[in-house]
Amino acid sequence: MASGMMVAGKWLADGNERNQNGEFHEIPTTFRHYITADGSSGFKAETGRYHLYVALGCPWAHRTLIMREIKGLYDVISVAIVDPIMSDKGWMFSDAPGSIPDSVNHAKYLQEIYLKANPKYTGRVTVPVLWDRQNQTIINNESREIMRMFDVEFAELATQKINLYPPELQQQIDEVIDAIYTPINAGVYRAGFATSQVAYEQAVTELFESLDKWEIILSKQRYLCGNFLTEADICMFVTLYRFDSVYYSHFKCNLRRIIDYPHLWNYLKKLYQILEFKVTCNLDHIKRGYYMSMTDINPNRIVPKGPIIDFDEPCDRMNVLHK
Ligand SMILES: N[C@@H](CCC(=O)N[C@@H](CS)C(=O)NCC(=O)O)C(=O)O
């Protein structure tokens with residue numbers, strides 16, 4: 001989760017920016033083509049044409065993996081999983097347990113994929129990446145858009161006829177995904193990568209104010225957008241699942257643990273116990289990815305043994321799927 005990059009004479013392990021107040025700002029992704037069911041975008045949703053590159057440790061890539069599972073697109077979209085630990089040349093392919101080498105471009109480093117799509121590319125080399133075998137190029141490297149394409153544009157090819165972006169909830173889903181992005185999904189990084197006390201305290205305060213708010217909302221309803229599972233829940237899950245094992249200690253987001261929030265903790269267990277979520281979770285890749293790749297935060301690369309968390313602990317199981 002960290003590849004070296006020299007910006008303004010300051011070595012930034014994660015390829016992103018800090019402003020003069022020490023606040024972390026993500027550099028936007030740049031490959032933003034869009035696949036459509038009818039191909040009107042120039043890229044048609046088809047079986048066996050697209051290949052997904054992910055890291056199991058990365059929360060953004062995790063979104064796309066969960067959606068691929070929930071929709072039952074495993075025979076439609078193939079996947080490669082990089083080695084959990086970022087090398088000094090960025091993401092690398094290996095046959096480490098849980099990793100899947102690149103069967104399409106046979107790359108050693110993910111950077112080769114970016115340069116194959118654009119030989120002049122000098123930006124961040126991030127996961128997830130959606131590759132097009134037909135045009136030999138990157139379609140998109142923005143998780144929110146890849147998740148949406150799998151949900152909506154590949155719906156006809158999906159074996160699971162489930163809709164996590166139903167028409168009557170679309171506006172609310174987009175508003176909720178926006179509402180949790182800055183304080184929670186990016187918030188943990190804003191706290192963890194802050195290089196000033198002020199920037200850190202700003203981020204961590206906003207983070208817990210937002211978690212407190214969702215704790216109350218989830219005491220009154222099952223999911224973020226009411227009583228049906230939606231894309232917004234996938235976006236919240238990937239941060240909550242990593243929280244007590246990584247963000248609490250590694251990123252100093254330690255006012256409370258998720259297990260200290262009765263409704264957020266129950267919600268997290270409930271999602272985790274959905275098989276399509278559980279099969280995409282790999283705490284070993286997550287912990288080694290964060291603790292061994294970010295040497296500016298964890299110089300000795302020691303991976304903590306704890307905490308011991310039982311995500312299979314009983315929870316109030318609900319009828320989760322929106323048919
Ligand atoms: N906005 C992107 C963010 C992707 C991202 O930051 N991925 C991280 C891993 S969690 C990465 O690959 N970082 C490598 C780098 O920045 O060099 C998305 O949502 O897809």
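How many salt bridges does the rule find across the interface of domain 1 and domain 2? The rule finds 4, a salt bridge being a side-chain nitrogen of Lys or Arg within 4 Å of a carboxyl oxygen of Asp or Glu.

Before selecting anything, note that this is a predicted model, in which local features need pLDDT of at least 70 and side-chain atom pairs count only at pLDDT 80 or more, while totals for chains, interfaces and linings use all residues. Residues are numbered from 1 along each chain as its sequence is written, and side-chain values use heavy atoms, with hydrogens and water left out.

**The two domains**

Begin by colouring residues 6-157 as domain 1 and residues 174-275 as domain 2, bounds that come from an automatic or database domain assignment. The centres of domain 1 and domain 2, taken over C-alpha atoms, are separated by 23 Å.

**The interface**

Next, select the residues in contact (heavy atoms within 4.5 Å): 22 residues of domain 1 meet 22 residues of domain 2. Between the two domains about 2000 Å² is buried, with carbon and sulfur atoms giving 60% of that area; buried area here is the accessible area (1.4 Å probe) that two parts lose on being put together, summed over both.

Now show the side chains of Arg-144 and Asp-174, which form a salt bridge whose closest N and O atoms lie 3.6 Å apart. On the side of domain 1 that touches domain 2, α1 (59-71) and α3 (143-153) each supply at least two residues, and the largest share, 7 residues, comes from α1. These helices are DSSP runs (H or I, at least four residues), numbered from the N terminus.

**Leu-211 in helix α6**

Move to Leu-211, which is found in helix α6 (residues 197-217). Leu-211 counts as buried because its relative accessibility is 0%, the cut-off for buried being under 20% relative accessible area (1.4 Å probe, protein chains only). Leaving aside residues up to four places away in sequence, Leu-211 touches Ile-184, Leu-240, Phe-243, Ile-258, Tyr-261 and Leu-264.

**Ser-245 in helix α7**

Finish at Ser-245, whose place is in helix α7 (residues 231-247). Ser-245 is buried as well, with a relative accessible area of 1%. Display its neighbours Leu-283, Lys-287, Tyr-291, Pro-307 and Ile-309, which Ser-245 touches when residues up to four places away in sequence are not counted.

Notes
Buried < 20%, exposed > 50% of the residue type's maximum accessible area, 1.4 Å probe, protein only.
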